[in-house]
Amino acid sequence: MKHPFYRPAALNTTRLVQYLEEINERRWYTNNGPLVRQLTEKLEEYLGVKNLLLVSSGTVALQVAYKALHRKGRIYTTPLSFIASSSAFGWLGSEIHYADIDNQTLNLDPGSVRKYSDITSDDTIVATHLYGNPCDIKAFENLKNETHCKIIYDASHAFATRFQGKNILSLGDASTVSFHATKLFHTIEGGGVVFANADDLARAQKMINFGFNKKNEIEEIGINAKMSELHAAVGLVVLEELDSIIEKRCAIADQYRSILDQTDITTTVIQEGTDICSPSYMPIVLASAKERELLQASMLNDGIETRNYFDSLQSTTELFEGSHKVLPNSQRFNKRVLCLPLYPELTPADITYICDRLRFNLEAIRSEEQVCCTQ
Ligand SMILES: *Cc1c(COP(=O)(O)O)cnc(C)c1O
């Protein structure tokens, strides 16, 4: 494949081996080891957040946030996200109720959540900052103040997003993030939760270690969701190069947007108040599911791999307890978003080439369509 969809930045193995030798020296491989603590501190500083807990995946981060916040009621969430933002809760047996997406940002629409008139303090809104683009934070805060529900933001796409002067992970009762190898910052497998409240962090620290407190007594029903020293070492190595990775990815996203702005190809509208939209994905919105399918195939013929991120009709599956309904915008945008290649090794010439092929293929598809439909 000439242009794969994704290639993680190569790890600096010299640095990694240094950390491995350190780990071996100590024979301390997991259980809140020194490297996990070092990575926690460095990330808190890097992001400008407090109360960060490192865990073993982004999926378990959502579950730990839910449990640590004493949640037991319904989940209100978006049908347009990676499946884990629903299945993490479906796995816990929670009732999942879907609300519609906004037709410009494609994020969960607070106005649609509000239509559920029976939201209580037991319930939880789970909103994804899709493609790194912040949700309508203010409207969600208002809804929270009225209903006393809690908000968990799934910020897995939004590691580097800054909104009104702050990193987006500082918002909500908790924000979660995935450190999977395909994400902007990664530990190969891993994740994190940032809690608004230090007590919730303290509870979560016990919960990820089987429920043990500092005196080795069981205080909570726990799970094993700890990050190992090896995964933390990978994170420390990646963190050393993160500024340069983000810089390159931002330049690529900017180039995409400035070329696409000159065409009739649309992308998502960035939420007002956004200082930086994490350069995690480059979504384009096509006219129909059929057009996306044809475009993806013709791009592949040109050696360019794209991804269907995501289909928005999770709301109609019978997999989860809760309501199953078709929502107008999620119906309208279902199977219409395609993400373009985005990783540091892409050169400006690669982006120009990808955009050229995009325009050419789309034009061919659209004129073919016109011929077929006017005949
Ligand atoms: C990747 C991702 C997850 C899951 O994270 P893992 O670390 O793979 O478990 C959850 N939510 C969203 C929006 C994601 O993109």
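Which residue stands opposite Met282 in strand 12? The points below come to that pairing after the overall description.

1. Basis of the note. This is a predicted model, in which local features need pLDDT of at least 70 and side-chain atom pairs count only at pLDDT 80 or more, while totals for chains, interfaces and linings use all residues. Residues are numbered from 1 along each chain as its sequence is written, and side-chain values use heavy atoms, with hydrogens and water left out.

2. Overall form. The chain has 12 helices and 12 strands, where helices (H or I, at least four residues) and strands (E, at least two) are DSSP runs numbered from the N terminus. Its radius of gyration is 21 Å, which agrees with the value near 21 Å that a compact globule of 375 residues would have; the radius is taken over C-alpha atoms, and the globule rule is 2.2 Å times the number of residues to the power 0.38. Along the principal axes, the C-alpha atoms fill a box of roughly 80 × 55 × 35 Å.

3. Among contacts (heavy atoms within 4.5 Å) with a separation of 6 or more, 71% come from residues 24 or more positions apart.

4. Strands 11 and 12. Strand 11 (residues 282–285) is joined to strand 12 by 4 bridges, and the two run antiparallel; strands are said to pair if DSSP finds at least two bridges between them. The residue opposite Met282 is Leu340 in strand 12. Strand 12 (residues 337–340) is covered on both faces, with Val337 and Cys339 buried on one side and Leu338 and Leu340 buried on the other.

5. An open sheet is formed by 3 strands in the order 7-6-10, with antiparallel pairing. Its edge strands, each pairing on one side only, are strand 7 (166–167) and strand 10 (274–276). Strand 6 (residues 162–163) is joined to strand 7 by 2 bridges, and Phe163 stands opposite Lys166 in strand 7.

6. Glu291. This residue lies in helix 10 (residues 289–301), and Glu291 counts as buried because its relative accessibility is 4%. Leaving aside residues up to four places away in sequence, Glu291 touches Leu286, Leu362, Ile365 and Arg366. Lys335 is 44 residues from Glu291 in sequence, and their C-alpha atoms are 9.6 Å apart in space.

Terms used
Buried means under 20% relative accessible area, exposed over 50%, partly exposed in between (1.4 Å probe, protein chains only).
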